[in-house]
Amino acid sequence: MRREGKFWGVAQALGAGLCVVVAARADESVVNSKHDLSAQGPGPIRAVQENEICVFCHTPHNAAPQTPLWNRANPRTHYRIYESSTTEARIDQPSGPSKMCLSCHDGSMALGNVLSRPVTHPIVMTARTIPPGTKDLTNDLSDDHPIGFRYDRALSNQDRQLKAPEIVSPDLPLGAHGEMHCTTCHDPHNNELGDFLRESDQMSLICISCHDLKGWPASSHALSNKTTVGRVVDATERLKYATVGDNGCMNCHKVHSAPHRERLLRFQREEDGCLNCHSGAVASFNIAADIGKRSNHDGRRRTDVHDPTERSLTMRRHVECVDCHNPHAVEHNSIGQVAGTFGQVLKGPNFFASGTTISGRDVQQASFLYEVCLKCHGDGVRQGPSEITRQVTAYGVRAAFQPSNPSFHPVAAPRRNQDVISLIPPLRVGSMITCTDCHNSDSARALGGTGANGPHGSINEPLLARNYDTTDSTTESGHAYALCYACHARESILNDESFPLHRRHVVGQRTPCSACHDPHGVPRGSGGSVNHASLINFDLSIVTAAKTPGGSKIEYLDTGSFSGSCTLACHGVTHVNFPYSNPRQSGSRRISSRATAGGRP
Amino acid sequence: MDAAGKTHATSFSWVSASIRFAHPIRDAVPSWVIGFGVLLGSCTATRPAAELAYFPAPPSPARVVQLRTFRRLEELVPPKPDPLSLFRQARGSAIGRPAGLAYAAGHLLICDLELACVHDWDLETGTARRVHDAEGVEFLHPVAVAVDDDGRWYVADTDRGEVIRSTASGSDVRRIKPAGGARFRPVSVAVHMDNLFVADIAAHEIQVYSTATGDLVRHIGGVGDEPGKFYFPLGVASTRDGRLLVSDTMNSRVQVFDPQSHFLRAFGQPGNRFGDMGKPKHLGVSHDGVVFVADAEFECVHVFSDEGQLLLVLVGDDGRRKGTGVPFGIALAYDVPAAVSSLVPADFNAEYFVFLSNGAGSLGVYAVGVGR
Amino acid sequence: MMLRMAFRIVVIPLFIMMSGETPKSGFEGSKHDFRKAEWAKSDPCAVCHTPVNEKPPAMPPLWDPKADLNRTFGTPLARSAGAGSGTAVCIRCHDGTVARNMIGRKDPFISREHPGRFEAGHGRKDHPVGVDYPPIDRRYRPANAVTASGSVTLPGGKVECTSCHDPHNFSGEKHMLVMSNARSALCLTCHKK
């Protein structure tokens, strides 16, 4: 360095200082930003003596033939690129501007290695290469937001959750052919917004510039002003903003160096992303406590099995939070579960979740809550643990709830049987219920408890909201069959208002409801509506066939309103064509008056 | 005439097509009138008359006419329609910064300092190719090229410090440089019979090599301003009878040597008038001893006789002649293909042509003869 | 003995002072100071500045008898001279022949040692010269702000070699810059980054 005369030195410093001050506010200029690698730079990584700022990337003469007078050689690394089952884009190796960023940020090339200095005398830096950490992307880009694909009309037509490229803000420049580059989101000179972002990531504005997720703008995750204090899984990790809504996508996703590569999740285990907050501290309700109960949908049992592209018939057995919830679209369910009135329509927490229709077709957006359940429970991926062997076996509850069945609880369609007179108002003949009217957390808010709604976990097997005994010789009580008595008035049943021998069987003989009734529905089997009205589908471990002159037979015959006959053997008694009818109900007196035009189902 | 010939074909097909289908205009006007109109239009389109400039300016009889400036081969020689061109990747013939030129047998060779290659333009067929190396010897700073009678190329590469000899197809490569590893920076080459003259600005001398063996035969010159010495000899050219002309750049003069390399005369001196020279770079000599000197400082081309008599200065009225810019390389061409000779106006009798390269990226072509 | 002392005390420092280690007066001792050059002979300024010939020539060119004998060639070189002269006069020598090449392919050892494959062509790029300064662009400061700084010039409204480089090196900066590039101040005079 030449020795300067004093006057010139001062004048020079003044001139340089003046130029810097006039140049720009420190924020939006590269001067004094993290990319100011000169010896006077602010960060821990900087040159030891070099006082020029631009030289680390640019040089006016002798530059590489890339557009911005590039002063570095390109890395020759082959990168592992992002892969996901839900990507429609064709992702290639990074090119052009992305390679320029990666020439420092992949940790392979020395930072001081610039073309304008001989390779034997690079610029001496405090760190030779970028140190391992969040800024070192390494050559494994599969855990980073994908780049190197063309974001064009074809892509946005295929992937409906991307905005059309024409309406993406021009502040986010794409490459010459619409390619996504590092420089689409980052401006290497301007650190005004932090992380050298081109748009703010508060409320994930920069993310939703391109990603158009169904239901996000109104979702509770986007609008929540809950603070992120009290997280369970990553309690010490610093999130950029204080509230869940401000963090937006970053609550669950990590754009660079994501622990869970596919879909860039912040947690290796999928459910951790939810349980992080939904364990009683950040979010309103403690789901973690529910899924720890005896009967549960516990997502923690399996990892990396769920895939959003799975089909209900071919998927492996698993459950995750995202099987029932779409975290981008969830909304508060302020109304709560009201059995019988709104039960069938999809509510906030399950908006835009996928499901399987009653006819067996997988749909991206379920319209009804039961469709979400049918995804797994419809056709037999998951059969209940306490499988009761019955006359007619339903393989999966989808078969049980078919509207063409002889009898069914009205989940998929309203029931037409006029004879259900035990229903507690506001339920009536023609009402519809949904799965969560029976299968719910025992502490659910909708049922009077203080916990979350929904079949996350319950002390009652199989994930029932209330107690339901199914063993023979159970002493009748309000608690024993609480599940049934929630909708069917106990007094009506025990006063024999419908079946005249209920009291005799249930109280006298201590038979459970499930001995004769099938709680979901009876699929088409032998007999049809004559044999299986009123959900009659005998539990063969309690009820056995009777010996008749025509052979062993177990049969129920519906012979009219509130009358029928049974042929079976049970508790040591054999009934052969034993008829019954209810004298109180003979005649045309009906309790529910607004029935549809009569007729048996 | 290539381009017009092509247009002939298309215009004919257009006319014949129009005969087949009913058309209101076609029916109103006889078809031969339409065809002729198309022909006329295409003919005038191929030759931009505005580029022509006569030296000396009219009304004096013109001796030199500037024909065209161009940046790509397609501007000079329209390419033949190539049915395979859809499938073949088109390679642009754009030049970066041209330096030395050479012309032989219908091929114009252009050294390109920006792209570090030698362009080989075939003026007959209109095809261009870029030569970046010879048998793996990559050109780093190809500043001048010369072609001998056998068609071999001699490329002076300043940064390599070698003159690379190869055939036109890039084989039989020999790297010519002084033995002993002395610093050698060749900036210009000229060939006469089996003598290769190389201007070396490291030692400020002209080195004469044998083209057969590649050995150094003798030196001419050295540093100095006396006759026979040079300050930065940037250009060499040889006459048909073996005399050597050297543009002595920093002395602002041209020196002439006999075939035995004895000093004959020098002409030119610093100044800013007719007869003075600025910074002469490359030069070319015609068969009848007319010397064309590219002057980078005056941005013009001096025309001298080999006795030193100033004949003409090719420069515009405002001192900036379009396409002259930073003149560097000169090549004289006899027997040019029709594409170039057709540029000459009919009333000008061109004896030979001069190509001039402009360091700012374009090339110019002049026709020299007697006309009007 | 006294002579030796005198030599050490007087002459050697004198040599040091005169050896060219004088950054302040940038021109002396710079690479464009051709007075030291062996080949610059009597007129070192003539390397760049066209010497003026007072006398018009006696005869016109042989083929052009009507030429104006008072005609002069070359351009007087001033920093505010017309467009193009700020670059053409530099390129004359700085094309790899006389002096270091500033256009296109460069030092071989750099490209060999930095084996990253360049994606476009074989050559190298340089800062554009001879181009108009961009009129209104948020990436660049306005032209009058640039010239108001006093060091950087835009001859004819264009960016030329002389916009950033002073061939006389009066400022004494390295690379013959018109001002110091500490903290990239020269770059940031025009580029708004």
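**Exercise 1.** Work out why helix H11 of chain A is described as largely enclosed by the rest of the structure.

*Solution.* Step 1: in this predicted model, helix H11 of chain A spans residues 369–377. Step 2: a residue is buried if 20 or more other C-beta atoms lie within 10 Å of its own. Step 3: nine of the nine residues of H11(A) are buried, so the helix is largely enclosed by the rest of the structure. Among them are Tyr370(A), Glu371(A), Lys375(A) and His377(A). Step 4: the buried residues of H11(A) pack against helices H10 (321–324) and H12 (397–400) and against strands S2 (355–356) and S3 (362–363), in chain A.

**Exercise 2.** Find which strands stand at the edges of the open sheet in chain B.

*Solution.* Step 1: the sheet has four strands in the order S9-S10-S11-S12, with antiparallel pairing. Step 2: S9 (142–147) and S12 (174–176) of chain B each have a single partner strand, so one side of each lacks a neighbour in the sheet; these are the edge strands. From one strand to the next, the twist averages 25°. Step 3: the partner S10(B), residues 153–157, runs antiparallel to S9(B) and is joined to it by five bridges. Ala144(B) is placed opposite Ala156(B) of S10(B).

**Exercise 3.** State how far apart the centres of the two domains of chain A are.

*Solution.* Step 1: domain 1 covers 25–156 + 178–198, and domain 2 covers 397–585. Step 2: taken over C-alpha atoms, their centres are separated by 68 Å.

**Exercise 4.** Locate the stretch of chain B where pLDDT stays under 50.

*Solution.* Step 1: chain B has a mean pLDDT of 77, and 78% of its residues reach 70 or more. Step 2: the stretch is residues 1–50, for which the model has 31 contacts beyond four places in sequence.

How values were computed: Residues numbered from 1 in each chain as written. Chains lettered and ligands numbered in written order. Predicted model: local features only at pLDDT ≥ 70, side-chain atom pairs only at ≥ 80, totals over all residues. pLDDT = per-residue confidence, 0-100. Contact = placed C-beta atoms within 7 Å. Buried ≥ 20, exposed ≤ 12 C-beta atoms within 10 Å, placed from the backbone. Helix = DSSP H or I, 4+ residues; strand = E, 2+ residues; numbered from the N terminus. Domains from an automatic or database assignment. Pairing = 2+ DSSP bridges. Axes fitted to C-alpha atoms, helices over the stretch in contact; angles between N-to-C directions.
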